[in-house]
Amino acid sequence: QVQLVESGGGSVQAGGSLRLSCAASGYTASTNCMGWFRQAPGKEREGVATIYTNYGHTIYADSVKGRFTISQDNAKNTVYLQMNRLKPEDTAMYYCAADSPGPSKACTLVAGDFGYWGQGTEVTVSS
């Protein structure tokens with residue numbers, strides 16, 4: 001089992017920054033893909049950024065490229081999402097997720113590929 005705990009959400013004005021943290025515990029050796037997803041009210045959960053922790057390979061949704069950065073601290077089993085130049089459309093509940101890369105040996109932005117989820121942290125961006 002793997003437990004994920006997010007922190008760092010909050011309210012910010014457009015153009016501002018926030019950093020989310022996701023601390024993993026339990027059998028983390030099996031969860032080399034870690035990522036961030038978000039879900040706005042009335043919308044489907046969408047992938048924001050993921051990282052293959054073995055190699056540091058990252059992928060991002062087009063909507064956040066150049067503004068968000070996912071990073072890891074392996075010593076702390078923690079993944080971060082630095083969010084800069086935030087926009088009102090970034091408002092959502094942000095979830096940390098983890099799982100193994102699977103047969104493709106790659107991490108994805110597909111929520112269905114992740115079996116472990118945190119409780120979420122809310123991000124609100126006002127205009």
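**Before selecting anything**

Because the model is predicted, local features need pLDDT of at least 70 and side-chain atom pairs count only at pLDDT 80 or more, whereas totals for chains, interfaces and linings use all residues. Residues are numbered from 1 along each chain as its sequence is written, and side-chain values use heavy atoms, with hydrogens and water left out.

**The whole chain**

Along the principal axes, the C-alpha atoms fill a box of roughly 40 × 25 × 25 Å. The radius of gyration is 14 Å, which agrees with the value near 14 Å that a compact globule of 127 residues would have; the radius is taken over C-alpha atoms, and the globule rule is 2.2 Å times the number of residues to the power 0.38.

Switch to a surface next: the protein exposes about 6,500 Å², of which carbon and sulfur atoms supply 48%, the areas coming from the Shrake-Rupley method with a 1.4 Å probe and, for residues, with only the protein chains shown counting as cover. Of the 127 residues, 43% count as buried, where buried means under 20% relative accessible area, exposed over 50%, and partly exposed in between (1.4 Å probe, protein chains only). Among contacts (heavy atoms within 4.5 Å) between residues at least 6 apart in sequence, 60% join residues at least 24 apart.

**The four-stranded sheet**

Select E1, E3, E8 and E7, which in that order make up an open sheet with antiparallel pairing; two strands pair if DSSP finds at least two bridges between them. Strand E1 (2-7) and strand E7 (68-73) are the edge strands, each pairing on one side only. The twist averages 20° from one strand to the next, with axes being lines fitted to C-alpha atoms (for helices over the stretch in contact) and angles running from 0 to 180 degrees between N-to-C directions.

Within this sheet, pick E1 together with strand E3 (residues 18-26): the two run antiparallel and are joined by six bridges. Val 2 has Gly 26 in E3 as its bridge partner.

**The hairpin of E5 and E6**

Move to strand E5 (residues 46-52) and strand E6 (residues 57-60), which pair in the antiparallel sense over four bridges. Tyr 52 stands opposite His 57 in E6. The hairpin has four residues between its strands, and Gly 56 takes a positive phi near 80°.

**The two disulfides**

Show the cysteine side chains: the search of the whole structure finds two disulfides, a disulfide being a pair of cysteine sulfur atoms within 2.5 Å. With bonded cysteines counted along the chain, they follow the pattern 1-3, 2-4.

Zoom to Cys 22 and Cys 96, whose sulfur atoms are 2.0 Å apart. The link is left-handed, with -75° about the S-S bond. Cys 22 lies in strand E3 and Cys 96 in strand E9 (residues 92-99), so the pair ties together parts that are 74 residues apart in sequence. Both Cys 22 and Cys 96 are buried.

Then select Cys 33 and Cys 107, joined with an S to S distance of 1.9 Å. The torsion about the S-S bond is about -95°, so this disulfide is left-handed. Cys 33 belongs to strand E4 (residues 33-39) and Cys 107 to the loop between E9 and strand E10 (116-117), 74 residues apart. Cys 33 is buried, at a relative accessible area of 2%, and Cys 107 counts as buried at 13%.

Return to strand E5 and pick Ala 49, which is buried with a relative accessible area of 0%. Beyond its neighbours within four places in sequence, Ala 49 is in contact with Met 34, Gly 35, Trp 36, Ile 59, Tyr 60, Ile 70, Leu 81 and Leu 109. A C-alpha to C-alpha distance drawn from Ala 49 to Arg 38, eleven residues away in sequence, comes to 9.8 Å.

Last, select Thr 53 in the loop between E5 and E6; at a relative accessible area of 14%, Thr 53 is buried. Not counting residues up to four places away in sequence, Thr 53 touches Thr 31, Asn 32, Met 34, Gln 72 and Asn 74.
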